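Hi,

Here is the structure I said I would pass on. Have a look at it first, and then read on for what turned up.

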Amino acid sequence: MERPDNDVRLRDVEAGDLPIFFDHQTDPVACHMAAFTVEDPADLDAFVARWARILADEAITAKTILFGGQVAGHVLSFEQGGRREVSYWVGRSFWGRGIATRALSWLLEDLETRPLYARAAKDNVASIRVLEKCGFTIAGEDKGFANARGEEVEEYILELTD
Ligand SMILES: CC(C)(COP(=O)(O)OP(=O)(O)OC[C@H]1O[C@@H](n2cnc3c(N)ncnc32)[C@H](O)[C@@H]1OP(=O)(O)O)[C@@H](O)C(=O)NCCC(=O)NCCS
């Protein structure tokens with residue numbers, strides 16, 4: 001069935017999406033929230049190289065999130081330390097409308113691997129809520145240097161088992 005135009009859809013990433021992802025990546029409010037960002041979000045060459053690697057890697061699923069036909073962000077699934085993880089980023093002008101939750105649930109429908117994992121800074125309440133609404137539960141904790149905050153930050157590891 002066709003979804004309404006203002007609904008959330010995922011599609012493959014297109015070259016024209018990347019400047020929008022770069023805008024999202026350079027938002028200091030979003031970076032502080034995510035905490036564990038790339039070293040220098042404003043480094044365009046590093047951004048271009050990273051996305052070229054992502055899009056060339058068959059072990060990574062990368063999808064653009066569309067909301068009402070507009071590029072609202074992206075979702076990723078990748079291997080880390082032998083485990084499959086998910087992550088996502090939504091542009092600030094789209095926050096608070098259920099977009100991340102909907103986008104992650106579409107991604108989870110397409111991924112057969114279980115358990116699946118995700119990480120979120122302990123104070124990234126919105127991200128933890130997104131994960132919990134999609135069925136993830138807190139399964140552990142860790143801490144590491146967070147580039148966006150210039151200090152060590154505690155994080156939760158969340159797990160989806162079914
Ligand atoms: C985290 C992020 C993806 C959330 O996207 P979003 O589309 O706004 O999320 P949703 O609207 O689907 O859901 C957010 C949930 O968190 C809640 N929430 C949002 N901000 C909150 C806050 N400061 N405190 C408590 N709850 C909060 C919302 O109320 C909602 O829960 P509800 O449906 O029970 O009301 C988005 O803010 C983002 O991309 N941030 C920057 C990058 C990032 O942190 N990525 C995740 C890295 S782990």
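The ligand sits in the largest pocket. Keep in mind that this is a predicted model. Helix 2 (28-34), strand 4 (83-90), helix 4 (99-110), strand 5 (116-121) and helix 5 (125-133) are the elements that each give two or more residues to the shell around the ligand. Helix 5 gives the most, with six residues.

So who is in that shell? There are 22 residues surrounding the ligand, and the closest are Gly-96, Gly-98, Thr-101, Arg-129 and Lys-133. By type, the shell divides into 13 nonpolar, five polar and four charged residues.

With Val-90 it is the backbone, where a polar atom is 2.8 Å from a ligand oxygen. Arg-97 also comes in through a polar backbone atom, this time at 3.5 Å from an oxygen atom of the ligand. As for cover, the ligand on its own has 960 Å² of accessible area, and the protein covers 71% of that.

As a general rule, most residues other than glycine have a negative phi, and most peptide bonds are trans.

The peptide bond from Arg-114 to Pro-115 is cis, with omega near -5 degrees. You will find Pro-115 in the loop between helix 4 and strand 5.

The other spot is Ala-35, which is not a glycine but has a positive phi of about 70 degrees. Ala-35 lies in the loop between helix 2 and helix 3 (44-56). Is Ala-35 buried or exposed? It counts as buried because its relative accessibility is 0%, and the cut-off for buried is under 20%.

Last, if you are wondering about a cysteine, look at Cys-134. Cys-134 is in the loop between helix 5 and strand 6 (137-146). With a relative accessibility of 13%, Cys-134 is also under the 20% cut-off, so it counts as buried. Which residue is 30 residues from Cys-134 in sequence but 7.3 Å from it in space? That is Leu-104, with the distance taken from C-alpha to C-alpha.

Cheers

Terms used: Residues are numbered from 1 along each chain as its sequence is written. This is a predicted model: local features need pLDDT of at least 70, side-chain atom pairs count only at pLDDT 80 or more; totals for chains, interfaces and linings use all residues. Side-chain values use heavy atoms; hydrogens and water are left out. A residue is near a molecule or strand if one of its heavy atoms lies within 4 Å of it. A polar contact is a pair of N or O atoms within 3.5 Å; within protein, one must be able to donate a hydrogen and the other to accept it, and residues adjacent in sequence count only if both atoms are side-chain atoms. Accessible areas come from the Shrake-Rupley method with a 1.4 Å probe; for residues, only the protein chains shown count as cover. On a 1 Å grid over the protein atoms alone, a cavity is a set of points where a 1.4 Å probe fits but cannot get out, and a pocket is an open set with protein on both sides within 12 Å along at least five of seven lines; lining residues have an atom within 4 Å of a point. A molecule sits in a cavity or pocket if more than half of its atoms lie within 2 Å of its grid points. Helices (H or I, at least four residues) and strands (E, at least two) are DSSP runs, numbered from the N terminus. Ala, Val, Leu, Ile, Met, Phe, Trp, Tyr, Cys and Pro count as nonpolar, Asp, Glu, Lys and Arg as charged, and the others, Gly among them, as polar. Buried means under 20% relative accessible area, exposed over 50%, partly exposed in between (1.4 Å probe, protein chains only).
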